[in-house]
Amino acid sequence: MIENCSEIEDKVTGTTMATTKELFINALQMVRIDEQENIPTTVLFDQVGVHIGFQAIEKAADATDLNENFKLNLGESARARLDPPKFDTADGRQRSAHEITKAFIEGVLNGVNPWIAGRGLKPANRVLVAEPLALDRTDSDGSEWLANYRAKLRHILEQQFAEVDFLPEPFAVFQYYRYGVRHPLLTSNTRHAALVVDFGGGTFDVSVVDTTAKGDVSGSGRNSRPLAAASIPVGGSFINLQIAKELLSKNLEKGVDKAKVNRGWEAYRDGSYQDLRADLLQFVRNVKKILAQVEKAKLHICDTLADWSLDAQYSPGPGAQISIPKNPFAEKPELVSVRFDAHQLRDCFVRRVWNDRLKSAVMSAIDRSKEELGGRPIDIILLSGGSANIRWLTNLMRDLLPTTYPDAEILELQGSFQEVVSKGLAIECARRTFNHGTSDFQSVTYNRLCLMLGVDDETPVAARFRSVMEGVSNGSISDGTLLESAHLINGAQENPLRWKFRLPSPPKHHLDYYFLKSSLDFEDIKGLYNIDHRVVTPKGTNFDSNISLELTVAPDGTARPKFIYRQASPSSPAISVDGTPFFLDMTYGEKTTLGEAYVGIDFGTSNSSVSYVEQQAVRVYAERAAERGWCELNDLVNLLPYPAANPMVKFLGSSSEKEIKEQFPSAFESLLFTILTVAYVDYRTLPMAKKSNLFRQLSKGSAGPIWGMLRGILEKSPKQGVFIPKLIGLNDLRSKNAIDSAIQAINDHKHHRTSQYQGYRDVLAILGNALNSALEGWRFGQFEDVTKKGFSSTYSGLFRSAHGAHQPFVDIFKYQGGESFSSIEAVLASPDNGLIFRLAPMMFWGDFYNRGDSTIGVLDSASETSASYRAIEGGGAISVGAESDLVDLHSMCLAAQGADYQESGCPSQQVQFTPYSVK
């Protein structure tokens, strides 16, 4: 039994885990749309209507019919622009990024509302949306991007929600790691500084967050302060573009005009294909086909690659064939098939992405934070975002930081990066529940605001600004600084921020002003807020000894500067000049109130997801976190094999009696079936199995038949088995009674009979601890890329352990042995003893939705003609029969029905496993 909820002894590895997920994070409700928690940010407009996500991908006749990567386009045109850029759609109409986004968001919400209503949950009238940080300026990026983005999303969402609020993605990431994963460096009673790196589909955001010594999901007050940030429009789509450019350039046929190719790339980058010349339009269509192939190849490489060291030699390593048009301007070009592999991906990522773009963004955020940190080091780096699965980023960060912060620990998430932002949003909603609607990150700046001033063409200087705002100290602010990082902007719309300052001489003709991000370099374009930077002095101005500055800041970050040269007096009016508005780096500042339920939307460039938080459920989870029984189940979720852990985590999210009754059968049956699988593969190798036929009892994969077959195995009390001796305890009176009572409760629920059963938590703990104990030293998982070594009889490949509730699983071993294994085989492996049990026909890895995502299929029924398997995630099913590609799986069922004993079921021996940490 697990004794301590804050520190887990990992029964698989025998080591103390550095991080654990809090019960709260495991219990959070992720909304499933089209049976998936992650939805491709994709729209298809056809003659039937509008389709989003996987349905759009499945219904599209061609990848070029899809509208993707429209998130960045959303902020690129001004909110009031009457004729924004339009994009081709599959039904022949051209639509703006706002129209495409509206169709996508409405499609998502059309799935969210039935999900909430179907579970009897409270409708949410408040929404929190993840947003990128304000983009650092480049020659092509407008300073209004974030304000445009917020305004357009707000316009879409306020049709369904009373309150719309925004949270920068890196801050959602920080909340997830601090309050959900509970890393010791973020939860110990000391102050820490974290560098958050969020690398998504469209943007690369870096921020430095300062923590207080205390703070928890049930705490109060502001516990974290954003000190500095940098953001650039570089993400997964940018990587794909760099790869496509290189592949196309290397395979052009002679005679293709390279200058014209450059014009084609410019046309694609502009994104608006109105009135585009026919040959350039064809170029765009061919490019889209290349990019779709590149994305699939990139994902395949990242999913299968184990060695992420920067000098690794892959022979040949994972890769994929990509068809490249020799003439990209042709309607039906001749195609050449080229192989794109891990070597090429690494080379492109290091040269074109890290060296050219990401490295400077990281250093920019670090440099901006140095003054705010006051000499304290950054001691932890948090990684997040789908593109962070390209784990060369980790090693490149390690190479970058030693001279600056040699002791900083890089914490990579041992789970799905795609859940981080959405669940971080949910945590933020939960904290607002306990903090009466307030937030650590609401209406706060995340870069120091500096101002350089130049008088009448003189070189700009850093003045000493003295605040005339109540409660703001001037003592520690350096010259040129208006606001330190993490300044609360509340109320600045009604009560402007005010300063006084002196200049070497008054601006008799004009004043040049440069508002900057944590910098005094007025020529630093990336750090400059305002493009227009000159105000003309009115003729005949008489100056006060001190000039005043007023800054009126709206909730969306719009800052309106006013320079007051002379204050009003009884005998004369004030003399002032208004500067051009700019957009301040700050989180959204609209006033919010405490709500009963929130929806969190992670609107990503490539994938989106939705979380739901109910105020009452948050209080239930907080209470459970103090109860040993619930804490025990939460800890087990992180240790058990995936087919047992995934349904259990959904049970943890049940906040009402109704939900508990609905989620319990799946959690109980999946856990019981996993135990049966472990026991049966053990039993069928024993001599006593020659005289039994227990498999025939499994008429249906429901609780009664599963328990009947398992009990039959345990009653034989074999002592020479590998797993069964550790499971015998399930046959004692207490355990049997608990299991029998649970099965009766499931049947009562199924047949709508009244039941007083309350033993849900206890029976899951009994089964979970029994399974965890039986598998000590064993790993559940699958093999990848197993191939024969030369002319020998030896095979080599990788083994990926799959413990915990969600993919991706990153615990990997190198395999070498005399047998080959398919990637769809579910197996148990003992790295220490070199043994492998195959788990067919009880379960296998399958793509139940033809979307490239494997889940576990468990046996549901078997007959002479077919065998049925149900998916652990999503509720899908597969029937395996004579016409199926998996006909051999059905043959195994028939063989098991004939006799339990299977000599071929004996564990594979004399194999070698070498721990393979993801470097």
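This text walks through the predicted model, from the whole chain down to single residues.

The model is predicted, so local features need pLDDT of at least 70 and side-chain atom pairs count only at pLDDT 80 or more, while totals for chains, interfaces and linings use all residues. Residues are numbered from 1 along each chain as its sequence is written, and side-chain values use heavy atoms, with hydrogens and water left out.

Start with the whole chain. It holds 22 helices and 37 strands. Both are DSSP runs, numbered from the N terminus: helices are H or I with at least four residues, strands are E with at least two. The C-alpha atoms fill a box of roughly 110 × 70 × 55 Å along the principal axes.

Next comes burial. Of the 919 residues, 59% are buried. Buried means under 20% relative accessible area, exposed means over 50%, and partly exposed lies in between, with a 1.4 Å probe and protein chains only. The accessible surface of the chain is about 36800 Å², and carbon and sulfur atoms account for 47% of that surface. These areas come from the Shrake-Rupley method with a 1.4 Å probe; for residues, only the protein chains shown count as cover.

Take the contacts between residues at least 6 apart in sequence: 70% of them join residues at least 24 apart. A contact means heavy atoms within 4.5 Å. The chain carries 97 positive and 111 negative charges, and their mean positions are 0 Å apart. Lys and Arg count as positive, Asp and Glu as negative; His and the chain ends are not counted. Each charge is placed at NZ of Lys, CZ of Arg, CG of Asp or CD of Glu.

Now turn to helix H20, residues 733-750. Its 18 residues should span 26 Å at 1.5 Å a residue, and its end C-alpha atoms are 26 Å apart, which agrees. The expected span is 1.5 Å times one less than the number of residues. The buried residues of H20 include Ala-738, Ile-739, Ala-742, Ile-743 and Ile-746. Ser-735 and Asp-748 are also among the buried residues. Their cover includes helix H17 (657-683), helix H18 (703-715) and helix H21 (760-774). After H20 comes His-752, with a positive phi near 60°.

H21 has 15 residues. From its first C-alpha to its last it reaches 22 Å, close to the 21 Å expected at 1.5 Å a residue. H21 is mostly covered, with twelve of its 15 residues buried. Among them are Tyr-760, Val-763, Leu-764, Ile-766, Asn-769 and Asn-772. What covers the buried residues of H21 includes helix H15 (628-637), helix H16 (642-652), H17, helix H19 (724-727) and H20.

The loop between H17 and H18 holds Ser-699. Leaving aside residues up to four places away in sequence, Ser-699 touches Pro-705, Asp-860 and Ser-861. Thr-674 is 25 residues from Ser-699 along the chain, and their C-alpha atoms are separated by 16 Å.

Some backbone details deserve a look. The peptide bond from Ala-840 to Pro-841 is cis, with omega near 10°. Pro-841 sits in the loop between strand S32 (835-838) and strand S33 (843-846). Two aspartates have positive phi values: Asp-456 near 50° and Asp-785 near 55°. Asp-456 is in the loop between strand S16 (449-455) and strand S17 (466-467), whereas Asp-785 is in strand S28 (residues 779-788). Asp-456 is partly exposed, at 21% relative accessible area. Asp-785 is partly exposed too, at 43%.

Arg-269 is in helix H9 (residues 258-270) and counts as exposed because its relative accessibility is 52%. Arg-269 and Gly-317 are 48 residues apart in sequence and 32 Å apart in space, C-alpha to C-alpha. Ser-315 is in the loop between helix H10 (278-304) and strand S12 (319-325). Its relative accessible area is 73%, so Ser-315 is exposed.
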